[in-house]
Amino acid sequence: MLKKIFILLLLSSPMYCQFSPADLDLAETTYSRKFDPGIIHKYFTSGRHQDVKAALLSISNSGDTSFVKAVTDLSYSRYGDYISFALGHLGPSKEASGYLLQKALLGKGDLFQEAAFDALGRIGSVENFNTLLEKYSLKDGKGFNGISLAIAGFNSRGIKSQDGKDQSILNSELSETEFPLRRRIHAAFALSRTGVSKESEEALLNVLSEKGSKEENILLRQYALSALRKLKSFNGDLTLFKSLVKSQDWRIRTEAAKVLCYFNFKTEEELQAYLQLIKDYNPNVSRQAAISIREMRLEGGLKGFLKEELLRSFESPLTLNTTGEIFLTLAKMDPQDAFNLASKEKDKVGKLFFYRMMQDNFTDPARNLNRLIENTPDSKSEELERLGAFLALQKYLPGNERLDGILLSSLSSSFGAAVSVTADGLDSTFIERRKDELKRIIKRQTDLHLNDAQFTESNMSLAALAGKISPEFRIELLNFMKTASLYSMNSFAFRELGRTNGPGKDMDNFMNFWKEAFLYKSAVVTTDKGSFTIKFNSEVSPISVGNFCYLAKKDFFNGIIFHRVVPDFVIQAGDPEGTGWGGPCYEIISEYSPVPFDRSYVGMASAGKDTEGSQWFVMHSYFPHLDGRYSNFGKVVEGMDVVDTIDQGDKIIKVELK
């Protein structure tokens, strides 16, 4: 209940209002990435909750530790959650981590304490980490609301306990049924992120046996399943197995598909129980089961039984994504027969999955090269998958002139996604063999596309490739990149060179976004599966909202597909190319905030800070590791049942602003 109340407050209480239409000067200095201290000071000292929180949101995106003193001088009792959030994003400093450690240890088990622990996990030192573990043991965990988030944060930065004390704390947090569900959810989440010891297994299995149909109960079981997946085994009994397969919530069935594939199957009946997931009405469950079957370790007759059942499934009315994943599973089981099967089921498999199969099938590399050359793609998505198959052949056909020519041509193309995929995928022998040609191509590409927003990721990949050629060449390239007028590009170059950021962001589109930011309350997204309504959170992410409305007015999203659907994670759209690499040919800023990425929340996709464009996503479930790392600009308030059934490739028909 606590979590639901927290979310309600975030969306409706005046205490949680931040930006308003009157805050043009603060919005300008935030968007330009100048963060004028005079403007920030004016908002900090205005005496209005809204102004102070807006200024804290602004500087949270600055990465400038010179603001730490001004932040810690504010009233913690009034702004504790936003103060912690800001300190966690300004970057490591002794003053900030010391302040957060004190607030975390003196907390009262409330959301302010949770925020302090979370922020400390982002910037705290090894000494801070050890202090937390020691104090937890002394107090037996009492008054440590948020400790699991801190441990997850420290672990993500490589700070771990050598004696397993952090794992022990997470086990304790998970098993203590007297703790609020939210606290136990964070422990299960942290275990799913940090890894699981055998000692955790019993506690996780016990969680799966707990009753309850509220969102918090579902989340706890989801993360327990996700954590168990790390063990690549499932030692629960058959009763628990069947209850998970038949769960009323599709998200539990999805997570079950990911872990029950490791069950010790002994009979055909047990295997049939799992295979029912492939026929699930929800496309996410069906597709995930088809993917996870590849992890099964079966012997003798059961392996043959599975193959026959999967072949028979081609006659069932399954989605193209599920059928394609089943094809990949069968191709892995029998690589020699994969091409015959692809030919026989051509209409149901499609080129996308055919190219994916060839990324792992090396029965005859030379013939595979000919097959790839002869099978030309029909879309950019297919082109990228075929490129992945070409790259996979490097190991088997070193020095092959045709293959080398294809890869060099791809690196030289105007298709940014292909350039990035190639640059990231070239192996060391290719690089050594062709380094002079690679240097010429890299210089030409960065010269042509230095200020092209569609090429930002490609240029970053080219910089990484330059480093593989020689450290000196990488430095030379970065020094050129820092002359870019494109903010994301020059800030990337300055960061990589270990220097302070260069010029601020251009203001060309700022007023286009700002004037739209507060005009509309919501948007109705009509898809070929039905409609859902997004309520905007302009007070926290005005530029993201304004940009979405600006594009919607131009019918930008009409006809675009959901190019990425990760079962029980997100659905993602907004790329006119349908590859995940496209955008509107400009970039906006990141707008990090304490609003959680809970189920139904809507965020902006990015390739790194300040690279957002037109791609956005909707959450299937709560994933804390996204909090404060992506711009959260809205929430689906109607039609989550539609969101839950959207499959990769489904289409947006129109977006209407209300």
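Two strands count as paired if DSSP finds at least two bridges between them. With that in hand, here's a quick tour of this predicted model, starting at the spot where Val-566 stands opposite Val-570 in E4. From there we go out to the whole sheet, then over to a pair of helices.

- Strand E3 covers residues 564–566, and its pairing with E4 is antiparallel, with three bridges.

**Strand E4, face by face**
- In a regular strand the side chains alternate between the two faces of the sheet.
- E4 (residues 570–573) has Val-570 and Gln-572 pointing one way, while Ile-571 and Ala-573 point the other way.
- Are these four buried or exposed? All of them are buried, Gln-572 included.
- E4 also pairs with strand E6 (residues 616–619), again in the antiparallel sense, this time over four bridges.
- Within that pairing, Ala-573 has Trp-616 of E6 as its bridge partner.

**The sheet as a whole**
- Zooming out, the sheet is open and has eight strands, ordered E3-E4-E6-E5-E7-E2-E1-E8, with antiparallel pairing.
- E3 and strand E8 (652–657) are the edge strands; each has a single partner strand, so one side of each has no neighbour in the sheet.
- From one strand to the next, the twist averages 25 degrees.

**The H24–H26 helix pair**
- Two packed helices are described by the angle between their axes and the distance between the axes.
- For helix H24 (residues 380–392) and helix H26 (residues 416–425), the angle is about 20 degrees and the axes are 10 Å apart.
- Because angles under 35 degrees count as roughly parallel, H24 is roughly parallel to H26.
- The crossing of these two helices is right-handed.
- Which residues meet here? H24 brings Leu-384, Leu-387 and Leu-391, and H26 brings Ala-417, Ala-418, Val-421, Thr-422 and Gly-425.
- By type, the residues of this contact divide into six nonpolar, two polar and no charged.

Technical notes
Residues are numbered from 1 along each chain as its sequence is written. This is a predicted model: local features need pLDDT of at least 70, side-chain atom pairs count only at pLDDT 80 or more; totals for chains, interfaces and linings use all residues. Side-chain values use heavy atoms; hydrogens and water are left out. Buried means under 20% relative accessible area, exposed over 50%, partly exposed in between (1.4 Å probe, protein chains only). Axes are lines fitted to C-alpha atoms, for helices over the stretch in contact, and angles run from 0 to 180 degrees between N-to-C directions. Angles under 35 degrees count as roughly parallel, over 145 as roughly antiparallel, 65 to 115 as roughly perpendicular and the rest as oblique. A crossing is left-handed if the near helix is turned anticlockwise from the far one by less than a right angle, and right-handed if clockwise. Contact means heavy atoms within 4.5 Å. Ala, Val, Leu, Ile, Met, Phe, Trp, Tyr, Cys and Pro count as nonpolar, Asp, Glu, Lys and Arg as charged, and the others, Gly among them, as polar.
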